[in-house]
Amino acid sequence: MKYLFTLVLLVCLFKLSNAQDLQSPSEFLGYPIGSEFTRHHQVIDYFNYLSQISPLATFSSYGQTNERRTLSYAVITSEENHHNLEGIRKNNLKQTGILEGDSSPEIAIVWLSYNVHGNEASSAEASMVTAFELMTNQKSMLDNTVVIIDPTVNPDGRDRYVNWYNQVKSSPYTAYQDAIEHSETWPGGRPNHYLFDLNRDWMWATQIETQQRLEIYNQWMPHVHVDFHEQSINSPYYFAPAAKPFHKTITDFQKEFQTQIGKNNAKAFDDKAWSYFTRERFDLFYPSYGDTYPTFNGAIGMTYEQAGSGQAGLGVHTDEGYELTLKDRIKHHVQSGLSTVKTSSENAKRLNSEFENYFKNTVDFDYYVLVGEKSKLNTLTKLFDQHDYDYQFSKEEKLKGKPIYSTAKMSFDADQALVVPTNQPKSKMLKVLLEVDPELSTPLTYDITSWNLALAHGVEAYTVSGNINTQPKENPYSQKSVETGTVGYIAKWKSMTDAKFLAELLQNKINVRATTKPFKIENKSYDRGSLILTKTNNRDSNFDSLVMELANKYHIKLAATQTSFSDSGTDFGSPDIKKINTQRIAVLRGDEVSSLSYGSIWHFFEQELNYPIISIDAQELKKIDLKDYDILILPSGSYSKIFNKKKLSSLSDWIKNGGKLIAMSSALSTFEGKKGFGLEKMKVEKDSTQNNLIAYAERERERTKDNITGAIFNIKVDNTHPLAFGYDDSYATLKTSSAAYKYLNKGFNVAYIEDTPERLSGFAGEKALEKISKSLVFGEQRLGRGSIIYMVDDVMFRSFWENGKLFFVNALFMVNNRSQTFK
């Protein structure tokens, strides 16, 4: 025991004696910071070094990326604060109501996030310098401030960029813009492994980096959060205050303090004669950014943007005639970070009191009640768990409330509905997520303008006042054991959970059929798309046990039937109950393809559906025999260079011979007006005379009349078509552009907008509304034995519009699903 005490004492004395002799990043790395890019593991090494040598820092891992790189964060504060770090954290959470108890803390908590976009690489370099400065020259600020640093939010993207740059750059580097080192190859270093933009994933938490980071973020709930970015090489530096529109949830104090931080940043930049701008471009509206998510959770959330990004390299000539260097970019980020910490430290007491005020709720009603398919509600609960939202399940058979898109109070079925109290710590963010139509002060926004969580998940939402009898969990799931004497099983087709069940059945070589017509059997009714698994088609002795095992895994309620003879409708042997064949699926990627669109599809197959695909470089398509594939998916992109007249002809021949093409979003333009493809764009006459009379300063706002910036529309659905199996006769679609196509003359208009577009939420300009009137949303065109499926709206957009994904699965397995013919 005495030996252990002596050892601990020696370690502490070693830290104290060496704290004043910390190596700078340059000294530790062995090269001047900014003279080359630091690989991710070296950044981790430096922060580990700081935590080992100084009592002012701890450094921890919070997870791993898909490519097994470390996700990490440092906590930097005074030695005294480190001794009471857990108490500081808990006292802060007591202010929010997340933890019970009273507290009046006066310590500011500042979280600095770097390198969320991998090729905006100066910020990870700046994180090391900022940490060093805080622990040496600026450590007096740490007496009343806890600074949390995430040095690399996106390690996979960063190393993709840094490795590419080191492979192609000249030595010494060249600053000429035309040089290869200033022109990244596809997909670039910006996104993560699955090519997602992590800066737009904070709320939806589809990516492993976000999911793991939120666990730590919600344990701390900082008062100030800064997300460090880079932008065009010709835009010097941007910091708060943000641009309009501000979401109405944002408080006067949050706006005021952003301005205060901005003015203090400006003073520091002015002293050094550095250029900057504020209050432009980057608004605080869409809730899934690294500035808005913290803001809607009570913090002062801000984006800082340095000129540079993937084009800049170690140095580049700007259009204004000066060289922008990595060293300068680092200095700017270090200065803004330190200035922000300083302002926060000087206002720590007020930050705490206003943070506490943010979580004092006044509610107009007591609950949101969400009603729908159990599997869809379960998907929502997983999202709620990631953000620490309180919810329970209704024990009431009926409730009275107002649908969120109506003012009329009504009675609705509520058994096992999801009950979400509005009087809970994070209720303001919940209201943002479930509000009907977010209020815009200006249509000039940076991102989408609607995101209603109930519509995105395909459930109904009601507001309810009064008490509700609830239980903490839904009724326990139970599945009957295997029944003897049955001819098979029936499973519904309503959600992505059902789709995952189907995918694993196919992977296990179980023959599955789906009904194309409704039927009734043994007094139970089944809709189109219902899955049928019969022993006639599955002779394996393990069939029953395997089906039951998979059904239990996905909580699928199977109906066992004693007969194939229906009460009404089709019998199991009918040609209208069609086999679902396994599919050989190819997806294009590479130049001409949107990396975001490809990434969302790639992620969907690997992480959600768990079904294999073959990714093909678009430039190699001319060498590939499409006979090897049943389905070809074209993510959003521009394919004019890929599909010339000859290649379109061979593609058409492949489809006629039984192939299936799925075209997403902007990929549809490849086929517009082309011979044999029945796709025509909608056009709206432009009044050029009137446009010429618009003042120059008003032109940008005038252009918004042609735009749709992420608006939700209620559209008509032909749910008798296989593309729409599992849906009702209407659907809420998220439109992210005003691109519009006429109804198909020769084909099936499965989902479409009628005469007057029914906008539910979000901004859509008046000319855009005129353009999308009577337009296609999802459709199928038959060519010979095969099909083309047109998906005007991208149901995979950022992977958060859950209710649209079944359309995509239907396109894969329900529409014109033919037997494979192997070579």
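This is a predicted model: local features need pLDDT of at least 70, side-chain atom pairs count only at pLDDT 80 or more; totals for chains, interfaces and linings use all residues.
Local features need pLDDT of at least 70 and side-chain atom pairs 80 or more, while totals for chains, interfaces and linings use all residues. Residues are numbered from 1 along each chain as its sequence is written, and side-chain values use heavy atoms, without hydrogens and water.

Reader: Is histidine 247 buried or exposed?

Author: Histidine 247 sits in the loop between strand E7 (243-246) and helix H9 (252-271); helices (H or I, at least four residues) and strands (E, at least two) are DSSP runs numbered from the N terminus. Buried means under 20% relative accessible area, exposed over 50% and partly exposed in between, with a 1.4 Å probe and protein chains only. Its relative accessibility is 1%, so histidine 247 is buried.

Reader: Why is H5 called oblique to H12?

Author: Helix H5 (residues 85-96) and helix H12 (residues 348-358) have axes 7 Å apart, at an angle of about 45°. Axes are lines fitted to C-alpha atoms over the stretch in contact (heavy atoms within 4.5 Å), and angles run from 0 to 180 degrees between N-to-C directions. Under 35 degrees is roughly parallel, over 145 roughly antiparallel, 65 to 115 roughly perpendicular and the rest oblique. The angle therefore makes H5 to H12 oblique.

Reader: Which residues of H5 and H12 make the contact?

Author: On the H12 side they are Asn352, Ser353, Phe355 and Glu356. From H5 come Asn92, Gln95 and Thr96.
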